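Colleague: I am learning to read a structure feature by feature, and I would like to go through one slowly. Could you take me through it, starting with how helices pack?

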Amino acid sequence: MKNNDSVTSKRKKEHIELCLTDDVAFKNKTSGFEKYDFLHYAITEVDITKINFETKFLKKKINYPFLISCMTGGVEAAESINARLSVAANELNIALGVGSQRQALENKSFHHTYKVIRENAPRIPILGNIGAAQVAEMKSFENVQYLVDLVEADGMVIHINPAQELMQPEGDTLQEGLLKNIKKLVKYLSVPVLVKEVGSGISKEAAEKLLDAGVNGIDVAGAGGTSWAGVEILRNDGNSSNEFWDWGLPTSYCIKEIYRLKKKYKFTLIGSGGINSGVEAAKAFALGADLVASARIILQELSKNGAEGVIKLITGWFDTIRKIMYLTGSGSLQEFRKNKIVKKETFY
Ligand SMILES: Cc1cc2nc3c(=O)[nH]c(=O)nc-3n(C[C@H](O)[C@H](O)[C@H](O)COP(=O)(O)O)c2cc1C
């Protein structure tokens with residue numbers, strides 16, 4: 001494709017601008033979290049002051065099991081966003097993903113927009129990011145290792161986004177050879193490979209195939225938050241009645257289903273897609289997530305209140321989660337994942 005760098009960078013700029021609005025939310029489909037409630041435990045003996053969220057992710061200790069989802073890089077506006085996100089992530093000691101690094105393979109002009117993350121956050125787990133369509137067509141994988149090294153990543157995320165690509169005028173819908181190449185990439189790379197969707201969710205069947213291919217983590221990125229089909233529809237003809245706007249599997253469903261695979265596989269399950277409050281994050285944990293992640297709400301908070309705002313937002317969520325754990329008699333997240341949540345219909 002000619003003018004590839006300007007096409008990629010222009011698209012990224014439009015993505016940021018659209019995601020600063022709520023126009024790109026799902027319309028009639030939800031994450032499903034609202035269908036659940038916690039089981040109040042009147043005789044709780046948990047000492048709320050002793051609830052500790054520290055955990056390990058990609059061999060590093062983090063203070064909260066939280067990931068600021070992969071968002072941006074490869075366009076000038078990304079430098080300030082990634083700089084401030086990494087200051088917040090470093091302060092909180094949580095994980096952070098970079099946006100798709102495809103642009104960094106085109107030329108070096110925006111490498112600084114990615115590298116700023118490690119400069120600001122020397123110790124946190126950082127995730128590199130590349131698209132499934134690119135991985136599917138690769139004949140060799142030096143380029144992916146190059147992207148890992150560029151951001152000194154602790155893990156590499158492959159984002160799978162067929163609905164987004166399908167709605168994107170310049171989209172790449174060919175994923176033939178994807179699983180075979182993921183398997184090879186897992187063996188080739190110096191760091192673990194994780195896979196995420198971007199808002200249409202991952203089914204148990206797909207997750208099992210990915211785990212068989214050797215991936216180390218699955219981020220469900222389910223339906224109910226940001227609609228990436230919606231983002232592309234708005235970039236294209238703006239027809240908001242497009243039948244694919246709400247395409248995908250709700251986040252709560254994906255977490256619950258993929259959690260079942262824990263019996264057979266060892267992997268990190270990340271719950272994301274429309275996690276916009278402490279209560280939703282708590283429900284994701286209670287349904288089985290090891291970590292939770294958010295994207296658009298973090299970008300919006302950053303734009304309104306800067307890194308300080310993001311820090312406050314995330315610590316506020318974990319304060320809420322701590323209270324919910326106390327009220328359900330859960331002294332640890334392991335406890336909290338054991339039957340502390342039910343479908344609301346159970347009560348009536
Ligand atoms: C501005 C913006 C850019 C994004 N770019 C990427 C990307 O480059 N790679 C990727 O894997 N996901 C990308 N995402 C998707 C998010 O990581 C996330 O999976 C999705 O938005 C659903 O989470 P949410 O409902 O909390 O927004 C982006 C999200 C936002 C808001």
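Modeller: Two packed helices are described by the angle between their axes and the distance between the axes. Here helix α2 (residues 76-92) and helix α4 (residues 111-120) form a right-handed crossing, where right-handed means that the near helix is turned clockwise from the far one by less than a right angle, and left-handed that it is turned anticlockwise. Their axes come within 8 Å and cross at roughly 15°, the axes being lines fitted to C-alpha atoms over the stretch in contact, with angles running from 0 to 180 degrees between N-to-C directions. The two helices are therefore roughly parallel, since angles under 35 degrees count as roughly parallel, over 145 as roughly antiparallel, 65 to 115 as roughly perpendicular and the rest as oblique. Helices are DSSP runs of H or I with at least four residues, strands are runs of E with at least two, and both are numbered from the N terminus.

This is a predicted model, in which local features need pLDDT of at least 70 and side-chain atom pairs count only at pLDDT 80 or more, while totals for chains, interfaces and linings use all residues. Residues are numbered from 1 along each chain as its sequence is written.

Colleague: Which residues of α2 and α4 make the contact?

Modeller: Two residues are in contact if their C-beta atoms, placed from the backbone, lie within 7 Å. Among those in α2 are Ala78, Asn82 and Val87, and among those in α4 are His112, Tyr114 and Ile117. By class, this contact of α2 with α4 has six nonpolar, six polar and one charged residues, where Ala, Val, Leu, Ile, Met, Phe, Trp, Tyr, Cys and Pro count as nonpolar, Asp, Glu, Lys and Arg as charged, and the others, Gly among them, as polar.

Colleague: At what angle do α2 and α13 pack?

Modeller: α2 and α13 pack at an angle of about 15°, with their axes 9 Å apart, which makes α2 roughly parallel to α13. This crossing is right-handed, and the residues that meet include Ile81, Leu85 and Ala88 in α2 and Leu302, Val310 and Ile314 in α13. The classes in this contact are ten nonpolar, one polar and two charged residues.

Colleague: How do α12 and α13 cross?

Modeller: The axes of α12 (residues 278-286) and α13 come within 8 Å and cross at roughly 55°, so these helices are oblique to each other. Phe285 of α12 and Trp317 of α13 are among the residues that make the contact.

Colleague: Which residues have the most contacts inside the largest nonpolar core?

Modeller: In soluble globular proteins, nonpolar side chains tend to be buried together. In this model the largest nonpolar core has 104 residues, and Ile94, Ile218 and Phe285 have the most contacts inside it; such a core is a set of buried Ala, Val, Leu, Ile, Met, Phe, Trp, Tyr and Cys residues joined through C-beta atoms within 7 Å. Helix α13 (residues 296-327) gives this core its largest share, twelve residues.

Colleague: Is alanine 221 buried or exposed?

Modeller: A residue is buried if 20 or more other C-beta atoms lie within 10 Å of its own, exposed if 12 or fewer, and partly exposed in between, with C-beta atoms placed from the backbone. Alanine 221 has 31 C-beta neighbours inside 10 Å and so counts as buried, whereas leucine 58, with 19, counts as partly exposed.
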